[in-house]
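The following report examines selected features of a protein structure. Please consult the sequence and the structure while reading each section.

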Amino acid sequence: YVKSDLTKLILSKCGTELCAAADIAAGTTPAAIKTGLASNFIPSGANANGYVFIADSATNYVSDGTSAGTNELQKTAPTGVITGASGGAAVGNAAGAVLYCYTDVDAYSGAESPPSAYITVTRTADQGVSLTNVSLTFTTPWTTKKFYRTAAGGTQFYLVVSGITAANFAASLSADVTLDSALTTLSEVHDEDGVTVIEKPGAAKHLCWHRGRLFLANFSGSPTLLRWSRELEPTQFSNLEQAQFQVGKLEGDEITGLVSFRGSLVIFKTNSVWVMNGDLEETNFTLFCRVPGRGCVCPRTIVNDGDQRIFFLSANGVLWFDLASVPQVPVSDPIADDVRDLDFTNRAGLMVAGKDPHERLYKLAVTPVGASANTKVHVLNLDTGAWGRDEYGMGIIQVTCFTDTGNLGPIRNSDGQVKLYVGDESG
């Protein structure tokens, strides 16, 4: 995946390492920016807000293309302890119970964690509150905090101060003498009753940036679940039921891919294709099954051909979807014998496809039964429908990935040439 500013090419994975390079050329060695990724799984990725978001089945990541800036998408609520007591002159403040809590903030992505449990401070009239840091932690990348409080006797949280570090805590919060009447910035991590409204989402297998939201799908223990972020806030996920769908839960097959296509979100499952429509307001989202009985069994073979069609490998062969239907006869019918010989049982998640934007080719790297790697690359001409095969003069290349040539357009090397890059088991 390439960053939206075109400065970094994020390679899906080398073994269990996530790697990145500023350019791909002969002799280029990508640098590892994250280790410990899930083994035997090809991640899903998407660009949003200048970052690359990655679903790795065990962890969701957000990356700016550097090692320091590649971290988990979200975290659980912080548990460090603070205490408070009434103190400091604040004429006009009423006496009563004041609630305090805080959140952690990612220094790179700006993600804000769910809030800590609140403490209750009984404040005297015309006074403020003095807070004490008992056991707060400031661990990279969550190196700053935001503090929130209510007015006396209230439940609505307001922002008191942001950018708090271990060094400036005392100077900023040892005497919070802000008047209740001066609190104006509402908390975005609580509702008006002081209830937490965001959470860390579970690890997903697939993700997609669609109409200003980051969508995650197929979670451990919930393979039909689809969740989405707040609008234009891809790191913030609501904990409300309105911000998620179960996609054909009773059908029993899992979600295998997500594609933003002509303003709709296309949701592939093993045995069906679903479409989600609606405007930017999530309460208006609608979900329906467009193609029953046929779906995608190989998630990383899904390739978007602009706004024309989406190609993918089903159990019956290569199909396309155009929001209306799929063809009755697979477009891979000329190579039907090869499709029947594929190892869907052991290698479905590791077969991959890519689009050559210059020659307009759909390239499909597959594993025949008996092989342990993608040893064949079938090639479909998107304009003529003719099939061929890639043959490599320097020996078989066991293809493990193709670069994404999606909405950002093709990736160019340092000479400005359009390239479809291929990764294999040795580099």
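Predicted model: local features only at pLDDT ≥ 70, side-chain atom pairs only at ≥ 80, totals over all residues.

## The chain as a whole

The protein chain contains three helices and 34 strands. It has 427 residues, of which 49% count as buried.

In soluble globular proteins, nonpolar side chains tend to be buried together. In the present model, the largest nonpolar core has 19 residues, and the members that touch the most others are Phe311, Leu313, Val318, Tyr362 and Leu364. Strands β25 (309-314), β26 (317-321) and β28 (361-366) each supply at least two residues of this core. Which strand gives the most to this core? It is β28, with three residues.

When neighbours within four places in sequence are left aside, its contacts include Gly295, Val297, Thr301, Leu342, Phe344 and Met351. Val318, Tyr362 and Leu364 are also in contact with Leu313. Apart from this core lies another, of 15 residues, including Val266, Val275, Cys296 and Leu319.

## A buried histidine

His210 belongs to strand β15 (residues 204-210). Is this residue buried or exposed? The cut-off for a buried residue is a relative accessible area under 20%. His210 counts as buried because its relative accessibility is 4%.

The side chain of His210 makes a polar contact with the side chain of Ser260, at 2.8 Å. Besides Ser260, and not counting residues up to four places away in sequence, His210 touches Phe215, Gly263, Ser264 and Leu265.

## Backbone features in loops

The peptide bond from Thr140 to Pro141 is cis, with omega near 5 degrees. Pro141 is found in the loop between β11 (127-133) and β12 (142-149).

Ser57 is not a glycine, yet it has a positive phi of about 75 degrees. This residue is found in the loop between β5 (51-55) and β6 (60-63), and with a relative accessible area of 24%, Ser57 is partly exposed. Arg262, likewise not a glycine, has a positive phi of about 50 degrees. Arg262 is found in the loop between β20 (255-261) and β21 (264-269); at 47% relative accessibility, Arg262 counts as partly exposed.

## Salt bridges

Side chains of opposite charge can pair when their charged atoms come close. A search of the whole structure finds 18 salt bridges. One of them is formed by Glu254 and Lys205, whose closest N and O atoms are 3.7 Å apart. This pair links distant parts of the chain: Glu254 is in the loop between β19 (244-246) and β20, while Lys205 is in strand β15, 49 residues apart. Glu254 is partly exposed, with a relative accessible area of 31%, and Lys205 is partly exposed, with a relative accessible area of 30%.

Which side chain meets that of Lys355 in a salt bridge? The partner is Asp305, with an N to O distance of 2.9 Å. Lys355 lies in strand β27 (residues 352-356) and Asp305 in strand β24 (residues 303-305), 50 residues apart. Both Lys355 and Asp305 are buried. The side chain of Asp305 also meets that of Arg360 in a salt bridge, at 3.0 Å from N to O. Arg360 is in the loop between β27 and β28, 55 residues apart from Asp305. Asp305 counts as buried because its relative accessibility is 2%.

Notes:
Residues numbered from 1 in each chain as written. Heavy atoms only, no water. Core = buried A, V, L, I, M, F, W, Y, C linked by side-chain atoms within 4.5 Å. Buried < 20%, exposed > 50% of the residue type's maximum accessible area, 1.4 Å probe, protein only. Helix = DSSP H or I, 4+ residues; strand = E, 2+ residues; numbered from the N terminus. Contact = heavy atoms within 4.5 Å. Polar contact = N/O pair within 3.5 Å; in protein donor to acceptor, adjacent residues only side chain to side chain. Salt bridge = Lys/Arg side-chain N within 4 Å of Asp/Glu carboxyl O.
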